[in-house]
Amino acid sequence: MEEELKKLAKSVVDMEIMMEKLNINILRAEERIKSIEKEVLNKEGDK
Amino acid sequence: MGVIDSKEIERANEAYEKVKEELYRLNEEVEAINSKISKIEEKKDIISRTSNFHEKNKLEQVLEGLKKELYSKKMEFNKTIKISNQIQKTFEDSGLKDFFKDYIGEHKRREIDENLQVVQKLKEEKSALYEEKNQKTSKRDQEIEKLKNEFEKNKSRFEKIRSFYESNQELYEHIEKNRKSEDFSGMISGMANVDSKLMFKIMDETAKSKNSDTLQVMDSLVRSLEVKYNDDLQKVNNKKEYSVKNEINKVIEINNQISEYISKVEYLKNKYHDFLKMDNYDPKDSENKISELKRELKEKEDLTRALDVEMEDIIIEENELLNFDMESNDAMVRIKAELDAKILAEERRIEEIKKEKEDILNKKFDLEFKNNNLDNNTEEIVVNSIENDNIELESKILELEEKNFRLRNKEVAHGEISELKIIEKEEYEAIEYGKIKDNMDNLFKDTIDEIENQALFVRESNFFIKMINTWRTNSVKKKAEKEAAAIEDAFNENDAKVNDLEEEITLLEAFAEPNFDCEKYIENLSDEKKDQVKEAYEAVKDLTKEDIDNKIKDKRNEYSDNLKDRFNIQKELLDNEYRRKYGIALPERYFENKLSDQLEKVNYNDYVEDVKEKNEDIKNRNEENEKIREEVSKEIESNQYKIDRYTVKLDRNNDIIEKLEEKKKEQDAERKNNKNDIDINSKKLENLDIELVNHIDDLGSLKDERDNLEVDLGRDKIDTNKEDLENRKLFNNSEKAKVNKEKEELKRLIEEEQRKIEKHKAYEEFKKTNVALRKFGMTDLEKSVLISNAFQMDFRDGFEK
């Protein structure tokens, strides 16, 4: 029973890590898109 | 930890596996979006430089597409988080709560802390990368600009060098001449001459020819000097009057001088190179450029100020955010404490209700268990089973009784046979001895009677015959009368003999008995008889049983012989009597049939053997019957025993059945009571369930309130806002650094342009002075002084170096 519970706990922790990872990846992608917009498209606006 | 079913754990695992799969899928898709962004980033510099509106529009569309895609992934991610929370809530309710709190909580916290550290690190890396990227971009831009200028410069320089080469033949010749005419000792002074001379020559010639690059010439000069130096050094080595040491020192000195000279020439070459540019240089260009650069500088200054203002705004926002963070945190802590207290109270009440429920359930289960046991109708089953046993017992008893009935019949049948067949041998034999004799006597009597009757008939019917034979019969009669006494004597003798033999045989048979008691045997006899018996007993008492039996056998044979004799004597007697009466012989036919059977019996031993055999058969049969009777009797007895036992059991079973029936009645009453209790407990449970559901709902609402507290207080965006502000600060700083660098660059360019103007002024002055010098025919040294003055610092500095 204890082993099974530990397995379950690992599963939950893995899931949490995966969530964090995915969250970071999404934030990174948003940040990069913003950065491109600012660098490339805003420049066009300046000109 | 609460009571956890392994099935629940399995279900939880499955649910989490599904969530994980979904997360992996989403992560892959987000990574695909990131790789698309990377590709765009590779091209962004090119696109940013281009003024092609179409390209930028296209990029904008692509970015919008990616943003939408990312948004949809974000939504899916949020859904997955909700599912995960639901799963967690479900399993918290099912007893995994403590486990989640204690075990996973700790691991999760650790993992999240680690991940937060990674995020922080990544953030730092990101900032550093932004910084580096900005630096690299500006550096690269500068380099590109520089290379462009270099390219243009080299292009014109190439042209100039070519024309310079063509017009500098004289200079080469001069250098060559100098090199050849001087010996080593004179070389140094020559070099000094060459130094000033050549320099001025170069300057002069270049001024004349307006060559702008003397570099190649200088290089050639240096190289030729080095060649010459090497040649001379070789010569020095060859000269024996110089000590090697001195030579080396000198050479070193010369070497130093040459190095010094080379650096001088290098410096001059550069300066001169700049100086020569002045020909094509228009100061107005620099002035225009300066004003343009200043305008740009002003713009940058404005931008710096704008960035400063923005930074101030950011700091204000940051302070506001911090204040909000603190205030909302205080509020949150307070509200959370209140909610925690309420949640704790609700949880306690839930636990109490659960405990109460558990107690009632246990009670109910006990009662149900009791009733189930009572419902099992154990007593009825036992009663049925016993009744079945009874039926079986009764049928067995019946079967055994039938069997016994048959056996008794058998016993009776076998008993009857034995009674019919039992005949005592001795008795039989005793009867037979007299019987044979009597039979024989009776037979003779009957025969005589018959003969009498026949003789009468003959007498009456055959008168004539009688008359005729009278004379013959008289003689027969006389003869018969004479013989009659002898025959009668013989008969009496035989009779006495037979009687004696009978007595003897009877005595011997008595003696042959195993327990023969002589005294007892003789006690009722006459004295004479007693003596006879005693005498006879004395004669055989020492003999064996077998000897006595043999004696008996002999006597019996003797008896049989005498009986035969008696038969014949009786026949003679009869014949004699018939002859005496009727004067004729007795017809033989009277004896043929009637007495033949009796004669056969006369062999007494054979007869006795036959009787013995028959008696043996009877005896065997009787023994067999006895055995059968015994067996039957035993079986009957055993069956009876069984019947008795079965009957006892049957009675006992009936007692048990009676008791069980009573118990059943008691249990029915108990069951009824239990059922009532169960109903009461069920009602209690229902009420507790309703109460529990209400409390769980309240608890859920309180937990939701607590979970959503951050969102409700607007604290969920604090981190994002902080991060945004941090990013803005970083961006502002990097922008500022960039602008500062650009400003520095602009300042440098302005200074450069100003120096160019200054240089041009000097150049103009020099040109004027040179023309004047030429006019006045000044020496090279004088020119040198003047030029030096004209170049002022530039030249002086160069020589000093």
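Me: What share of the residues of chain B counts as buried?
Reply: This is a predicted model. Chain B has 801 residues. Buried here requires under 20% relative accessible area. The share of chain B that counts as buried is 31%.

Me: How many helices and strands does chain B have?
Reply: Among contacts between residues at least 6 apart in chain B, 89% join residues at least 24 apart in sequence. Strands number 0. The helix count of chain B is 20.

Me: Which residues is Lys403(B) in contact with, leaving aside neighbours within four places in sequence?
Reply: Lys403(B) sits in helix H8, residues 378–421 of chain B. Its C-alpha atom is 7.9 Å from that of Ile636(B), 233 residues away along the chain. With sequence neighbours within four places set aside, the contacts of Lys403(B) are Glu635(B) and Asn639(B).

Me: Is Lys403(B) buried, partly exposed or exposed?
Reply: The relative accessible area of Lys403(B) is 33%. Buried means under 20% and exposed means over 50%. The value falls in between, so Lys403(B) is partly exposed.

Me: Which element gives the largest share of the negative patch?
Reply: The surface patch of negative charge gathers Asp704(B), Glu705(B), Asp707(B), Glu710(B), Asp712(B), Asp716(B) and Asp719(B). Helix H16 (604–707) and helix H17 (709–712) of chain B each give two or more residues. The largest share, 3 residues, comes from H16(B).

Me: Is Asp712(B) of the negative patch buried or exposed?
Reply: Asp712(B) is found in helix H17 of chain B. Its relative accessibility is 57%. The cut-off for exposed is over 50%, so Asp712(B) counts as exposed.

Terms used. Residues numbered from 1 in each chain as written. Chains lettered and ligands numbered in written order. Predicted model: local features only at pLDDT ≥ 70, side-chain atom pairs only at ≥ 80, totals over all residues. Heavy atoms only, no water. Patch = residues over 30% accessible without salt bridge, like charges linked within 9 Å, V, L, I, M, F, W, Y side chains within 5 Å. Areas by Shrake-Rupley, 256 points an atom, 1.4 Å probe, with all protein chains shown as cover. Salt bridge = Lys/Arg side-chain N within 4 Å of Asp/Glu carboxyl O. Lys, Arg positive; Asp, Glu negative; His and termini not counted. Charge placed at Lys NZ, Arg CZ, Asp CG, Glu CD. Helix = DSSP H or I, 4+ residues; strand = E, 2+ residues; numbered from the N terminus. Buried < 20%, exposed > 50% of the residue type's maximum accessible area, 1.4 Å probe, protein only. Contact = heavy atoms within 4.5 Å.
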